[in-house]
Amino acid sequence: DGVVYGRVRRPCRVMILVNPHSGRGQALQRFTGRVQGMLTEAAVPYTLVITEHQNHARELARKADLSQWDALVIMSGDGLLFEVINGLMEREDWQEAIRTPLGILPGGSGNALAASVHHYSGGGGSPPAWNEELLLSCGFLLCKGLVVSMDLVSVHLSSRQRLFSFLSLAWGFVADVDAESEKYRHVGAVRFLMGTLARLASLTVYRGRLAYLPAAEAPKTAEARSQDDSLLPGPDQPVPESWTVVREEDFVLVLAIYQSHLAEDLRAAPGATADDGVIHLFYVTAGISRPALLRLFLAMEKGGHLACGCPHLVYEKVRALRLEPVSPQGRITVDGETVEYGPVQAQVHPGLDTPPPH
Ligand code: ADP
Ligand code: MG
């Protein structure tokens, strides 16, 4: 898995962005209580920045003098890193800016990337870690300063706005749980389990069209270093012949994920690595029973959902996809954040953020 591209320079100047409202609102306390001492001991100089509002981190990433920083680290959930990555990609010098080493310390209620990084750090064999243990693991990795490459996925929304995503694109069940469980944020990571149970009770089927470019049909290489979405047809064009159009049009969920974990305790794409150049596409078609869907999510804790033998669950490795919802109402999330509802296209950009060698 992840090729190590080196270590950050020593002494390494780190900007640490903390979202005081993420998770149970304890990110700052947990930083001072758990991480500060580790950084001091490892002689890592850092500057702490407490975000004051939504998109504050995005503005900072867009405007920062990056020559002053060897790494940007966020202590929050996945939402704050989403801001930082999109801030970097909005810069004129995005090509250099996105190569700035990024780090994550789990401080939110949705800590999917932190859980994934922990998982990769043990060669995919790390015993799972939650809460304090996950924080200590990520803090330790930060002190070591190892840097690996991570794929990014560009997402085109119906308004032609483009976003960069490092984690997931979801429609249906997963997106609904993501958004509705926000109100359980005060309970921490358990919010996803609570949201799942609540959503199971009101299980919704969504109608739409899904098409994708199978990974086998497109080599991994060409897209690196380019922001061009050369794999995607124009929004009004039909998908190319090399694409697969899914026959079913009634879905319970569509989930495109590019890290191993969807949440601390949901190992959604067991084989995924940070830089495999693959979008792991899952979808569940209508007709699945509530108990069967619950079984899938329970099995996901250990990554065993594909072994459930569920005929409604489909898994494909792809490089690009198009999703056109037909149901007039629904929700789409990117990296756990709700985005505008409508047709979306996405493609993977392997190695876009490959850090420069030292
Ligand atoms: P969680 O995992 O708890 O959801 P996130 O990192 O995803 O934590 O943050 C949740 C949301 O809070 C994100 O949409 C982020 O943009 C927003 N945010 C960041 N800083 C602040 C702040 N100071 N006040 C309010 N919202 C913020
Ligand atoms: Mg979040």
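1. Ligand. In this predicted model, helix 3 supplies 4 residues to the shell around ligand 1, the largest share. The shell holds 21 residues, and those that come nearest to the ligand are Ser22, Ser76, Gly77, Gly79 and Gly108. By class, 14 residues of the shell around ligand 1 are polar, 5 are charged and 2 are nonpolar.

2. Domains. The chain is split into two parts: domain 1 covers 4–148 and domain 2 covers 154–349. Between the C-alpha centres of the two domains there are 25 Å. Contact between them involves 21 residues of domain 1 and 22 residues of domain 2.

3. The side of domain 1 that touches domain 2. Helix 3 (78–89) and helix 5 (112–121) each give at least two residues to this side. Helix 3 has the largest share here, with 7 residues. Sorted by class, this side of domain 1 has 11 nonpolar residues, 8 polar ones and 2 charged ones. Helix 2 against helix 3. Two packed helices are described by the angle between their axes and the distance between the axes. For helix 2 (residues 56–63) and helix 3, the angle is about 30° and the axes are 7 Å apart. Helix 2 is therefore roughly parallel to helix 3, as angles under 35 degrees count as roughly parallel. The crossing of helix 2 past helix 3 is right-handed.

4. Residues of that contact. Helix 2 contributes Ala57, Arg58, Glu59, Leu60, Ala61 and Arg62, while helix 3 contributes Leu80, Glu83, Val84, Asn86, Gly87 and Leu88. The contact of helix 2 with helix 3 counts 6 nonpolar, 4 charged and 2 polar residues.

5. Helix 7 against helix 8. Which angle do the axes of helix 7 and helix 8 make where they cross? Helix 7 (residues 173–180) and helix 8 (residues 191–201) cross at roughly 120°, and their axes come within 9 Å. That angle makes helix 7 oblique to helix 8. Helix 7, too, passes its partner, helix 8, in a right-handed crossing.

6. Residues of the second contact. From helix 7 come Phe173, Asp176, Val177 and Glu180; from helix 8 come Phe192, Gly195, Thr196, Ala198 and Arg199. The classes in the contact of helix 7 with helix 8 are 4 nonpolar, 3 charged and 2 polar residues.

Technical notes
Residues numbered from 1 in each chain as written. Chains lettered and ligands numbered in written order. Predicted model: local features only at pLDDT ≥ 70, side-chain atom pairs only at ≥ 80, totals over all residues. Domains from an automatic or database assignment. Contact = placed C-beta atoms within 7 Å. Nonpolar A, V, L, I, M, F, W, Y, C, P; charged D, E, K, R; others polar. Axes fitted to C-alpha atoms, helices over the stretch in contact; angles between N-to-C directions. Parallel < 35°, antiparallel > 145°, perpendicular 65-115°, else oblique. Left-handed = near helix turned anticlockwise from the far one by under 90°. Near = placed C-beta within 6 Å.
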